[in-house]
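Q: Could you take me through this model? I'd like the ground rules, then the overall build, then some details.

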Amino acid sequence: MMIENISALPSPAPRMTEPAVLAAEIIERLTYSTGKDAKAAKRHDWLTASILVIRDRIIDHWMESTRRAYRTESKRVYYLSLEFLIGRLMRDAVSNLELMSSMQQALASLGVDLDVVAELEPDAALGNGGLGRLAACFMESMASVDIPAYGYGIRYQHGLFRQQISDGWQVELPEEWLAHGNPWEFERRESSYEIGFGGSVEPKRRDGSREPVFAWKPAERFIATAYDTPIVGWRAKRVNTLRLWAAQPIDPILLDKFNAGDYDGALEDSNKAERLTRVLYPADSHIAGQELRLRQEFFFSSASLQDIIRRHLQQYHALDNLPQKVAVQLNDTHPAVAVTELVRLLTDIHGYDLNTAWDMARAVFSYTNHTLLPEALESWPVPMFERLLPRHMQLVYAINAMELTAAREKGFGSDAVSRISLIDEGGERRVRMGNLAYLGSHSVNGVSALHTELMKQTVFADLHRLYPDRINNKTNGITPRRWLMQCNRPLFELIRDAIGDRFTDDAEALGELDRFSGDPAFVEKFAAVKRENKNRLAKLVHKRLGLTVDPSALFDIQIKRIHEYKRQLLNIIEAVALYDQIRSHPEKDWTPRVKFFAGKAAPSYYNAKMIIKLANDVARVINNDPAVGDLLRVVFIPNYNVSLAEIMVPAADLSEQISTAGMEASGTGNMKLALNGAITIGTLDGANVEIGERVGAENIFIFGLTAEQVARKRAAGRDPRAAIGASSELAQALSAIGSGTFSPDDRGRYADLIGAIESHDWFMVTDDFDDYCRAQREVDDLWSTPSSWNARAILNTARVGWFSSDRTIRQYAADIWDVPTI
C-alpha cells in the first residue's frame, strides 16, 4: 500500500533527551534488540544499543525532513559518487543532535565510557581518499544548510582494502566492515531496480513517433537494492539520505544446474552479482578489471536514475518539469555514464525525442572535475563499452554527431573537433567519459581557483572554447563539525571559551580568534591542547608499532593517498639528507622531528608501493641509529582511514602539502590540518594558493616551482642530472637510496625508482629539492621560538573558516543547483 499524501502524515512527539531517559532506553535496546542482560553485555553490545537509541531520534527528524520536502515541493539535489568516506557515524550523529553531554552522562550512569565504545565502531569502507571524504563532508553540509538531498553510491562489502605492512611492504587484505552488520542502515526492498548488461538493441514501433525508436534487450540482468543511511545535519536542521546499492541476482541459484551436479555453475549469477559490489576500485591493469569498473559505474548510475525518476513521477506524475525539480551532481567522471543512461530512459522508456532528452539531461546534470591527469579522466575501449552497453554506445555516437556538428558550425578545425569528440581515435578507439560529463552538463566546476583555470587551459581547453560559460570554480571545503568539534574537542572548547559559539553555525566567525594569537595565556592553553593531542598520537604509535616518539618533537605529517605527484618521495629523500646532516654535524642544534607518513597505494601502482617500502626501510635504519637518537624519527602508520586521520590531524605541527605544482586539484587534508593549528609547508598548488591568501604569506611555508614554471620546464625539456649535480645533499641522498644503503638485503631494490628521477623526473623532485630543504630549515628556525610558532598556528586556525564545506555547498546551491539554503 502506498500513501499518496506523504506530507499530510502527523509528526511523532519529540523524544526526551535527559540522561536518565537515554539510559533507560539504552537498557531497553540492550535487552530487546541485542538480547543481552546489562550484567553480561560486552562493549560491542553497548555500542549497538547506544546507536539504536540515537538512531530512533534521527528517524524522527528524517521522516519530518522527507515530509517537508514533499510538502514544499522542494527541488532535490542528488549527489552521485563512487566513494563516500563517511568514517564512524556515532560521534557525528550524537554531536549534530547536540546530545554529546547527555549521552556521556547516560552511559556513565550505566558504567560505560562513551569514548571507549565509540572506538569499536568500524569505519565504513566506502572510499579511498579525498574524493570520498569530500562527498561525506558535502552530505553533512547539505543537511546542515537545509538542502533536500540524496547521496547515491555503492554498498561495498569490502571497500578498498585493509592495509597491513609486512617487512615494509604493503599487503592488501579485505576490509570486513559489514561482518557484524550495520545498525545505521535500512534495507529498502521496495526500492529495487533491474540493471542490464550486454544483449542487443532492436527497433520498435511507437505510435506518432517520427524518430526511430529502440528497445534494449540485455543479456544479463541484476537487481539493485537500496540500503539507506540517515545523514544528520548540524543541530538536526535536516536529515538527508545516503542511499547505497547492493547487487542481487534475478535467480539466486540455478536449481537445474545444481541438481545436475554443476554446483559452481548453479551459483554463477550470484557470483556475478556479488562481484559488482564487493570491492572499490578493482585493479584495472587488465581487461577484466576494466570491465568490472565500468559495470560498477553503470550499475549504480542506472539504479540511481531509475530511483530519481520513480520518486519524481510519484510526486509530479510527469517528467516535463524534471530539470526544475532535480539537480544531479556527478562527483568526478565515475558516474559520467549516467548522462547516456538518462537520455536512454527519457527516449526509450518515457517517449521523449533525442533532442529534448539531451536538453533535459544537460539541464539536470552538473559535473565536478577532480583531476588534471589525462589518465584519470576515464575512457573505455569502444568494443568493451559496446559489448556491455550497446544502446548507450548508439547514444554516444548520436550525441557525438550533434556536438561535433555544432563545433564545426562554430568554426572549429579538425584537430579541435577530434579533441572535443566523445571518441578518442588515437590508437585504440575509446569512449572519453570526461568529455561526456562535460558535454552532458550545464555546469562544470573545478575545486580550487588554480585548478579551475588550469582546466580551461589543459584538459578541457577546446571544450571551454566551445562552451565558454560552463566552467566555474567551487573551492573545496571540509565540515568543521567532524574536523574540529568532534576530532579535536579540547581545541573546540578552548575556542568556544574564548570567542563564544557563533563559529559553530558560521565557521568564518573563527576570525574572532585572530586577536588571541598575541595573548600569552591563550597561547599557553593552545600549546597545552596540541601537546595533549600529540601525546595521544604517540600512544597510538607505541601501541600499534612498538615505537617510542617524543611528543615535544616537531610532528611533521604527510597523510594522503600514495602517488608520485603527491611527492611522498621528496619528503623521504629530504629525510635521508637530514639524516646525513645530523650525523655529519652533531655539534649543531638540530630541531627534534618526527616525520609521519600514512596512506594507501593502489594495488596495481608499482611505484607507489615501492615508495611505501622505501619509507619503511628508511624508518628502520634511522630509528635504530644511536647517532641520531631522538633528533629524527620516521614513522609509517598502516591502514590510513578517517578514524586514524581524526587522531593524526589534531596532533600535527607541520602539514606537508608538497605536490608538484599544477597536479593537485585542491586537497582537503591541507584544510583539516590548518583548521587544527598545523602550519603548512607546500607548493603553490591546489587550495594551498587560497590557504596562503587567507592565512597570510608569513604564516605558511611556500617553496618550489609554480604550475606555469613546471609546464614551461616540461615543454622545454631538461636534464634532471643538472639539478642533482648542483646539489650535493640531493646527490648524496639519491646515491644512498639507489646503492642500497637502506636496503642491504636487496641493494638494487630502488635502482629503478632513483633511475627514473635521474633520467626524466616528471614530478620535479630534483627541481624543488633545494628549495624544499630551505623551507624546512625555516620551519626549524620558527620552531625554536615556541611563542612565535604557536601564534602563527593560532592564526591558521582563525583564518581558515572560509574553507568550511557549508560555504562550498551554499555556492553550489546558488550558482549551479538553484536551490535555497539557510
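A: A term to settle at the start: two strands pair if DSSP finds at least two bridges between them. Helices (H or I, at least four residues) and strands (E, at least two) are DSSP runs, numbered from the N terminus.

Q: And the ground rules for the model?
A: This is a predicted model, in which local features need pLDDT of at least 70, side-chain atom pairs count only at pLDDT 80 or more, and totals for chains, interfaces and linings use all residues. Residues are numbered from 1 along each chain as its sequence is written, and side-chain values use heavy atoms, with hydrogens and water left out.

Q: OK. How many helices and strands are in the protein chain?
A: The protein chain has 34 helices and 22 strands. Its radius of gyration is 27 Å, close to the 28 Å that the globule rule gives for 822 residues, so the chain is as compact as a globular protein of that length. That radius is taken over C-alpha atoms, and the globule rule is 2.2 Å times the number of residues to the power 0.38.

Q: What does the C-alpha trace span along its principal axes?
A: About 90 × 70 × 60 Å.

Q: What share of the residues counts as buried?
A: Of the 822 residues, 61% are buried. Buried means under 20% relative accessible area, exposed over 50%, and partly exposed in between (1.4 Å probe, protein chains only). The accessible surface of the chain is about 31300 Å², with 50% of it belonging to carbon and sulfur atoms. Those areas come from the Shrake-Rupley method with a 1.4 Å probe; for residues, only the protein chains shown count as cover.

Q: What about contacts between residues at least 6 apart in sequence: what share joins residues at least 24 apart?
A: 77% of them. Contact means heavy atoms within 4.5 Å.

Q: Now the sheets. In what order do the six strands of the open sheet run?
A: The order is β19-β18-β17-β20-β21-β22, and the pairing is parallel. β19 (632-636) and β22 (701-702) are the edge strands, each with a single partner strand, so one side of each has no neighbour in the sheet.

Q: Start with β20. Which strands do bridges join to it?
A: Strand β17 (residues 554-559) is joined to β20 by two bridges, and strand β21 (residues 679-682) by four. Both of these pairs run parallel. L654 of β20 is the bridge partner of D556, and in β21 the partner of L654 is I679.

Q: Which strands make up the antiparallel sheet?
A: Three strands, in the order β12-β14-β13, form that open sheet. β12 (379-381) and β13 (423-424) are at its edges with a single partner strand each, so one side of each is left without a neighbour. β12 and β14 (residues 430-432) pair over three bridges, and P381 stands opposite R430 in β14.

Q: Change of topic: glutamates. Is E140 buried or exposed?
A: E140 counts as buried, at 3% relative accessibility. Its place is in helix α6 (residues 130-144). Not counting residues up to four places away in sequence, E140 touches D92, N96, I231, V232, G233, W234, T479 and R481.

Q: And E708, buried or exposed?
A: E708 is exposed, with a relative accessible area of 56%, and lies in helix α28 (residues 707-716). Its C-alpha atom is separated by 9.6 Å from that of L454, 254 residues apart along the chain.

Q: Last one: which residues have a positive phi although they are not glycine?
A: Among them are A236, at about 55°, and D332, at about 75°. Most residues other than glycine have a negative phi. A236 lies in the loop between β8 (220-232) and β9 (239-249), and D332 in the loop between β10 (326-331) and α12 (338-349). Both count as buried, A236 at 9% relative accessibility and D332 at 8%.
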